[in-house]
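Visitor: I'm new to this and would like a close look at one part, the nonpolar core. Could you walk me through that and then show me what lies around it?

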Amino acid sequence: MKTIGFLWYLLRRKNYITLVAAFVTITFVLAAVCAPLLYDWDTATRVSLSSALLSPSTIHPLGTDELGRDLLARIVWGARITLVVALVSVTIAMVLGILIGSLCGYYENWFTGGVMRFMDFMIAFPRTLLAIIVVTVLGSGVLSLTLAIGISTIPANVRLFRGPVLALKRRQFTVAAKALGARDLSVLFSHILPNMMSLVIIQGTLSLAEAILIGSGLSFLGLGPQPPTPEWGAMIAASRSHITSHPHVIFAPGITLFAVILAFNLVGDALRDYVDPRSRKAI
Amino acid sequence: MAEPKFVRVSDDFGWALAPDNLARATAVMGTYILRRLVTLPLMLLGVSIAVFLVLHMIPGDPARMAAGPDATERDVQQIRINYGLDRPLTEQYGIYLKKLVQGDLGESFQTLAPVTEGIARTFPATLELTIAGMLIAMVLGVPLGIYSALHPRGAADRLVTSVAVLGISMPGFFLGLLLMLVFASWLGWVPPTGRGTWRHLILPALTLGLPYVAAFARLTRSNMLDVLSEDFIRTARAKGLSWPKVTSRHAMRNASIPIVTVLGLDFGRLLGGAAIVETVFAWPGMGRYMVDAIMIRDIYVIQGTILVFAVSVVAINLAVDVIYGIIDPRITYS
């Protein structure tokens, strides 16, 4: 219902670009969920050199890659991997980020102060590099890629979610709840956190875009899922020597990747305006 | 010591340059930089411990990897003793730190060449690339931001606000491949890969810098707009100063403080993104050196490159803090 409300809001505000973006994200999620119904895993991974590097046709709508695999099948299965990696990593980053952030905001003492100093130091550290270090420790693969993206996002989330807690814990309704004898954790979880839900939703959407961006970058470097797993970044890395002769092998996964990231960013920005009309195009 | 507080740079531009104040400001800045330099070794020590511990969490036995697949159990044990890998962790860290101070980062298992040699070969290339990328982002982004702040709701203004989201959505490797396809393969203006002349640098630097242009422009624009609405700008105009002077001296200097912060953060981010751009353009930099080492689990190379990256980030943060003090004498770091 809320999705339809949001789409209606976009239509009413004549924000057609974001409307298209919303449909791109919905298509992406549908493709990821329905991948096994659309193509079997074998079509996406079986090598058949006789049909290598074919141009788009009716049998292969996006053509084939250098090992003769149907590009659309690989992109659809890649959507599934991308979505799982992005959703799980963002969930890790959000849950731990909110937990540490709200505790550090609620209890202000030397320990949480120290934790925040550490987080500040980690934020100064480039995220791609943090993720690379985590992959180094865990080895390359889907699971470690997911953890790498999740863990490297935690510091930024901690700082982001600490701010509102600091402000909300001084508000009257919080003070009132405490005066009525509510325990610390119950104040935090049933009075403070519900007031941050819009921030959580917006940040979650924008984090998905960033998780997909970083994940594809690590996969491009060879630190993600290993072949023949169809991951968009890894697909581009594998096919890039054919870019001059057969640009479609790069364009198909590349444009899909760019479109999906862009769509999540646009939807996230629009959600911010939708949830909080005051911030509507602030600058 | 009377500290120079609550003095706006633009109220009187000559303030910081007046002999009396200059001495005072230098003294304040001097003690600050000194204090930061004292904490610097502590931070580096922390970084070295972190990197050391991280590398010990990597699964696999480094001695066995160094020995190669055909080694006997005795050879492996010998290597373990040679590298000190049989000692307790704290003792191993002591050895590591001692070697580190002497400028010894160990050697690559694969090539047997010292890691410091590899870093000395690749780090300048990465630094060159990162600085060039940063310059592109600044040279295009900052003037664009100033221009759109001075002409609100103009064409440049609308362009900047809408293009920024494209920049943060574009995967660096895809942008790099597109630029390579168009400017190297189709147009043939620049060589596609490698390092050598300034022409080799153009595409990798563009790939690294372009996504930040719109972001910098947006940041400059919003900071400029904030400053332009302040009283001292009106005063400066009322005194009869021309717009170019007001913008360059009074507005820009005050608007540049948050910009420097983001520049510092983004410099680190560019450094992190360098590995991807280096892979696309076969640029012989440290990011690629590190990723190649990760692939074959070449422990000492990984350890050394991560350490150099971490130290660079610490150094950039220090530089940003110092630059603050130079552009804004109000910041006294007491």
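Guide: The largest nonpolar core has 148 residues, and A:Ala131 and A:Leu218 are the ones that touch the most other members. A nonpolar core here is a set of buried Ala, Val, Leu, Ile, Met, Phe, Trp, Tyr and Cys residues joined through C-beta atoms within 7 Å. Buried means that 20 or more other C-beta atoms lie within 10 Å of a residue's own; with 12 or fewer the residue is exposed, and in between it is partly exposed, the C-beta atoms being placed from the backbone. The element that gives the most to this core is helix α4 (residues 71–106) of chain A, with 16 residues.

Before we go on, a word on what you're looking at. This is a predicted model, where local features need pLDDT of at least 70 and side-chain atom pairs count only at pLDDT 80 or more, while totals for chains, interfaces and linings use all residues. Residues are numbered from 1 along each chain as its sequence is written, and chains are lettered from A and ligands numbered from 1 in the order in which they are written.

Now back to A:Ala131. Leaving out residues up to four places away in sequence, A:Ala131 touches A:Ala148, A:Ile149, A:Ser152, A:Ile214 and A:Leu218. Touching, or being in contact, means that the C-beta atoms of two residues, placed from the backbone, lie within 7 Å.

Zoom out to chain A as a whole. You'll find 12 helices and 0 strands there; helices (H or I, at least four residues) and strands (E, at least two) are DSSP runs, numbered from the N terminus. The C-alpha trace of chain A spans about 75 × 50 × 35 Å along its principal axes. Of the 283 residues in chain A, 45% are buried. Take the contacts in chain A between residues at least 6 apart in sequence: 67% of them join residues at least 24 apart.

A:Pro227 and A:Pro228 are joined by a cis peptide bond, with omega about 5°. A:Pro228 sits in the loop between α10 (197–220) and α11 (232–239) of chain A.

Next, see where the two chains meet. Chain B puts 34 residues into the contact and chain A puts in 33. On the chain B side, α10(B) provides the largest share, 9 residues. Sorted by class, that side of chain B has 24 nonpolar, 9 polar and 1 charged residues. Ala, Val, Leu, Ile, Met, Phe, Trp, Tyr, Cys and Pro count as nonpolar, Asp, Glu, Lys and Arg as charged, and the others, Gly among them, as polar.

Inside chain B, have a look at a pair of helices. The axes of helix α5 (residues 115–150) of chain B and α11(B) come within 7 Å and cross at roughly 130°. That makes α5(B) oblique to α11(B): angles under 35 degrees count as roughly parallel, over 145 as roughly antiparallel, 65 to 115 as roughly perpendicular and the rest as oblique. Axes are lines fitted to C-alpha atoms, for helices over the stretch in contact, and angles run from 0 to 180 degrees between N-to-C directions. B:Gly118, B:Ile119, B:Thr122, B:Phe123 and B:Thr126 in α5(B) meet B:Met286, B:Gly287 and B:Tyr289 in α11(B).

Last stop: B:Ala282, in the loop between α10 and α11 of chain B. Its phi is near 45°, a positive value in a residue other than glycine. B:Ala282 counts as partly exposed, with 14 C-beta neighbours inside 10 Å.
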